[in-house]
Amino acid sequence: CLDSFMDNDGNIFCTGSGNSGEGSGVDVSVVKFDSTTLAATWNFYLTGTIVDAYSGNTSNHGGQNEHGNAIAVDNNGMIYVVAQSNVKKYTYFKYINRSDIIIFQLVPNISDSAASLGWAQQIDNDYIASPLGTGLNDATNFDYCYGIALSGSHVYCAGSTSSRFATQNTTAGGTHDPIYLKLNKSDGSFSDVFQAVVPGTDNHEFLDIVTDDRGFVYVAGHS
């Protein structure tokens with residue numbers, strides 16, 4: 001478990017990775033623990049089969065690894081996870097050449113004995129360039145999100161990239177540049193991106209993100 005979140009009822013959710021039995025690698029895992037007994041209520045794996053059932057495609061189920069980095073739950077009980085993938089695994093997603101960000105929503109069922117996939121998005125430069133109209137095509141690098149936050153109708157994540165994302169940037173600055181992403185909670189559609197180009201060849205990353213009641217967003221990282 002790499003991150004955890006406690007909801008308003010005291011239930012604990014954690015995300016990381018685990019062996020789902022599909023392929024030879026590990027998949028993103030999300031576990032809910034009961035607020036009273038602390039027993040595991042359900043365990044969800046983001047596998048190729050689940051993604052394909054959602055998208056109507058047929059996967060090339062790979063043997064590589066994915067893991068959840070951060071998790072948050074809103075007041076309606078919807079669960080949001082930011083994860084990492086380096087596999088060409090899901091035909092629903094685009095080609096993953098190195099490492100890309102995966103953000104997905106889980107919807108608990110009425111009996112609260114399981115959760116189902118609401119939506120899932122792969123975030124790479126191909127995904128960002130189209131809505132922004134940049135025409136850039138630099139999705140062959142490493143993209144990460146380490147922190148997640150919710151505010152109103154949006155989900156935010158912060159991390160780093162060695163790709164070219166933002167319209168004002170033609171090349172990445174250092175080895176990795178800080179990046180901030182904003183998506184719509186309802187369907188995962190893209191809303192906004194900010195890539196801070198820092199001169200030099202070193203790594204610069206956002207490591208966490210929070211929002212306040214006024215809708216302001218705050219990020220922290222290192223340079």
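At 63% relative accessibility, R214 counts as exposed, where exposed denotes over 50% relative accessible area, buried under 20% and partly exposed the range in between (1.4 Å probe, protein chains only). R214 forms a salt bridge with D212, the closest N and O atoms being 3.1 Å apart; the term requires a side-chain nitrogen of Lys or Arg within 4 Å of a carboxyl oxygen of Asp or Glu. Residues are numbered from 1 along each chain as its sequence is written, and side-chain values use heavy atoms, with hydrogens and water left out.

A search of the whole structure finds two salt bridges. In the other, D74 is paired with K185, with 3.2 Å between the closest N and O atoms. D74 is located in the loop between strand 5 (66-73) and strand 6 (79-85), and K185 in the loop between strand 11 (177-184) and strand 12 (190-195), so the pair ties together parts that are 111 residues apart in sequence. Both D74 and K185 are buried.

Strand 13 (residues 205-211) pairs with strand 14 (residues 217-222) in the antiparallel sense over six bridges, pairing of two strands being assigned if DSSP finds at least two bridges between them. Within this arrangement, V210 stands opposite Y218 in strand 14. The hairpin of strand 13 and strand 14 has five residues between the strands, and G215 there takes a positive phi near 90 degrees.

The structure holds five aromatic pairs. Rings of Phe, Tyr and Trp (its six-membered ring) pair if their centres lie within 6.5 Å; planes under 30 degrees apart count as stacked, over 60 as edge-to-face and the rest as tilted. One of the pairs, F44 with F104, is tilted, at 6.3 Å centre to centre and 35 degrees between the planes. Since F44 lies in strand 4 (residues 40-46) and F104 in strand 7 (residues 100-108), the pair ties together parts that are 60 residues apart in sequence. F44 is buried at a relative accessible area of 5%, and F104 is buried at 0%. Y144 and Y146 form a stacked pair, with 6.0 Å centre to centre and 10 degrees between the planes; Y146 is partly exposed, with a relative accessible area of 26%.

Of the 223 residues of the protein chain, 48% count as buried. The chain exposes about 9,900 Å², of which carbon and sulfur atoms supply 49%, as computed by the Shrake-Rupley method with a 1.4 Å probe. Among contacts (heavy atoms within 4.5 Å) with a separation of 6 or more, residues 24 or more positions apart account for 52%.

The protein chain averages a pLDDT of 76, and 67% of the residues score at least 70; pLDDT is the predictor's confidence in each residue, from 0 to 100. Among the elements, strand 1 (residues 3-6) has the highest mean pLDDT (95) and helix 2 (residues 125-132) the lowest (45). Over residues 88-96 the pLDDT is below 50, although this stretch has 44 contacts beyond near neighbours in sequence in the model. Where pLDDT is low, the predicted coordinates should not be read in detail.

Definitions and conventions: Predicted model: local features only at pLDDT ≥ 70, side-chain atom pairs only at ≥ 80, totals over all residues. Helix = DSSP H or I, 4+ residues; strand = E, 2+ residues; numbered from the N terminus.
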